[in-house]
Amino acid sequence: MRPLILASASPRRRELLAQAGFTFEVRAADIDETRHAGEQPMDYVRRLALEKAQAIAARNPGAVVLGADTTVVLEGEVLNKPVDRDDAERMLRLLSGRTHQVHTGLAVVGGSGHQSHVETTDVVFRAIAEEELTAYLASGDPMDKAGAYGIQGYAARWIPRIEGDYFNVVGLPLAAVVRLLGTVSSEYGER
Ligand SMILES: Cc1cn([C@H]2C[C@H](O)[C@@H](COP(=O)(O)OP(=O)(O)OP(=O)(O)O)O2)c(=O)[nH]c1=O
C-alpha cells in the first residue's frame with residue numbers, strides 16, 4: 001500500500017484528515033509563500049498547495065502527498081497570516097461587518113501526475129465591538145491564522161452564517177479532499 005502523507009505543519013489539518021477516516025504521516029513543507037505580482041487569489045492558493053505537495057513528494061518517492069493552503073480575501077485584498085498584533089488588528093477591522101471569501105487550494109501529488117482543486121466559502125461577519133477586538137487580540141489566537149481569526153474559536157461569535165464548507169474555513173475541505181483522493185483511494189491508507 002502506498003503511504004499517504006499530509007504536507008502540512010498545521011495541527012488543525014492533521015485533526016481534520018484523521019476525523020475523515022484517513023491514516024497518514026505528516027511532513028511539514030517549508031516553501032516561499034510570497035504571492036506573485038498580479039496573481040489571482042485562487043491561482044495563488046492552488047500554486048502553494050501544489051508546491052507544498054511537490055516539495056514533500058520529491059523526498060518521498062512512492063507516496064501519495066496532499067498539500068493545502070488557505071487564504072482570506074476581502075473585496076480583492078488577500079489577508080494571509082498577520083505579521084504582528086497591529087497587522088491582526090488591521091485585518092479584523094477590515095473584516096468587521098462585511099462578507100469575505102475563504103479559499104483553500106488542495107493538491108495531490110503521486111501516482112499518475114497531480115490533481116488540484118480550490119474550494120471557496122463565503123463568511124459573513126457582524127460588526128466587531130471594540131472590547132471584543134481588544135480581548136481577541138490579547139488572546140493571541142489570530143496570529144497563526146489567515147485573516148487573523150479562527151472560526152473554530154472565539155471569533156465564531158461574529159459569524160452568523162457561512163455559505164459553503166465549514167471545514168474549508170478551518171483549513172481542509174474534507175468532502176473535496178475525499179473526492180480528490182478518491183481516484184487513488186484503493187492504493188493508500190483509508191480506514
Ligand atoms: C480563516 C481561518 C484560517 N485558519 C487557519 C488554517 C491554516 O492553518 C491557516 C492558514 O495558513 P496556511 O499557510 O494555509 O497553513 P499553515 O501554515 O497553518 O500550515 P501548512 O502550510 O504547513 O499546511 O489559517 C483557521 O484555523 N481558522 C479559520 O477560520
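How many of the eleven residues of strand S5 are buried? The views below, taken from a predicted model, begin with this strand.

**View 1. Strand S5 is mostly covered.** The strand spans residues 99-109. Eight of its eleven residues are buried.

**View 2. Strands S3 and S5 run antiparallel.** Strand S3 covers residues 64-74 and is joined to S5 by nine bridges.

**View 3. The hairpin of S5 and S6 has four residues between its strands.** Within this hairpin is Gly110, whose phi is positive, near 125°.

**View 4. Phe167 lies in helix H5.** The helix runs over residues 166-170. Phe167 counts as buried because 23 other C-beta atoms lie within 10 Å, and the cut-off for a buried residue is 20 or more. Leaving aside residues up to four places away in sequence, Phe167 touches Leu16, Leu172, Pro173 and Leu174.

**View 5. Phe167 and Asp86 are separated by 27 Å in space.** This distance is taken from C-alpha to C-alpha. Along the sequence, Phe167 and Asp86 are 81 residues apart.

Technical notes:
Residues numbered from 1 in each chain as written. Predicted model: local features only at pLDDT ≥ 70, side-chain atom pairs only at ≥ 80, totals over all residues. Helix = DSSP H or I, 4+ residues; strand = E, 2+ residues; numbered from the N terminus. Buried ≥ 20, exposed ≤ 12 C-beta atoms within 10 Å, placed from the backbone. Contact = placed C-beta atoms within 7 Å. Pairing = 2+ DSSP bridges.
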